Amino acid sequence: MLQVCILFSGVYFSAHWCPPCRGFTPQLAEFYKAVNQDKKRFEVVFASSDRDEESFKEYFKEMPWLAIPFSENETKQKAATKYGIRGIPTLIILKKNGEMLSNEGRGHVAGSGNKWPEQWK
């Protein structure tokens with residue numbers, strides 16, 4: 001049985017139509033699976049910028065984490081405003097208490113070698 005002890009969460013702003021997003025999503029999925037292998041410590045919520053629900057559903061199939069439902073665009077917009085999202089892909093890292101740790105989660109994950117990033121310790 002997998003233990004759950006979420007230390008950090010990520011809000012992943014991305015879209016199916018975005019080539020850099022399509023390149024980073026598999027890398028994030030690999031990282032997510034690796035760091036959660038023995039104990040679930042990291043959760044991600046996908047915040048879609050897809051243009052239609054079909055694209056959202058197709059893209060979300062590639063993701064082993066949670067998502068804000070496509071129909072809840074207002075929730076996604078509020079999150080984007082709160083975290084100052086200016087472009088995608090962006091991975092916001094949140095501490096256990098919900099406070100933002102970093103808006104550079106993409107770089108942290110990309111440079112981690114699928115290990116827990118130093119910036120999160």
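**Note on aromatic and charged contacts in the predicted model**

1. The charged end of Arg41 sits over the ring of Trp116, 5.1 Å from its centre, a charge being counted over a ring if NZ of Lys or CZ of Arg is within 6 Å of the ring centre and within 35 degrees of the ring normal. Arg106 likewise lies over the face of Phe24, at 5.9 Å from the ring centre.

2. As to the basis of these values, this is a predicted model in which local features need pLDDT of at least 70 and side-chain atom pairs count only at pLDDT 80 or more, while totals for chains, interfaces and linings use all residues. Residues are numbered from 1 along each chain as its sequence is written, and side-chain values use heavy atoms, with hydrogens and water left out.

3. Helix H1 covers residues 19-35, and its end C-alpha atoms are 25 Å apart, which agrees with the 24 Å that its 17 residues should span at 1.5 Å a residue; the expected span is 1.5 Å times one less than the number of residues. Helices (H or I, at least four residues) and strands (E, at least two) are DSSP runs, numbered from the N terminus. Phe24 is one of the buried residues of H1, which also include Cys21, Leu28, Phe31 and Val35, where buried means under 20% relative accessible area, exposed over 50% and partly exposed in between (1.4 Å probe, protein chains only).

4. Asn36 lies in the loop between H1 and strand E2 (39-48), and with a relative accessible area of 8% Asn36 is buried. The side chain of Asn36 reaches the backbone oxygen of Phe42 at 2.8 Å.

5. Across the whole structure, a search finds 17 aromatic pairs; rings of Phe, Tyr and Trp (its six-membered ring) pair if their centres lie within 6.5 Å, and planes under 30 degrees apart count as stacked, over 60 as edge-to-face and the rest as tilted. One of them is the tilted pair of Tyr12 and Phe46, at 6.4 Å centre to centre with 40 degrees between the planes. This pair links distant parts of the chain, since Tyr12 is in strand E1 (residues 3-14) and Phe46 in strand E2, 34 residues apart. Tyr12 is buried at a relative accessible area of 0%, and Phe46 also counts as buried, at 0%.

6. Phe56 and Phe70 form a tilted pair, with 5.8 Å centre to centre and 40 degrees between the planes. Phe56 belongs to helix H2 (residues 53-60), whereas Phe70 lies in the loop between strand E3 (66-67) and helix H3 (73-82), 14 residues apart. Phe56 is buried, with a relative accessible area of 8%, but Phe70 is partly exposed, at 25%.

Note on methods:
A polar contact is a pair of N or O atoms within 3.5 Å; within protein, one must be able to donate a hydrogen and the other to accept it, and residues adjacent in sequence count only if both atoms are side-chain atoms.
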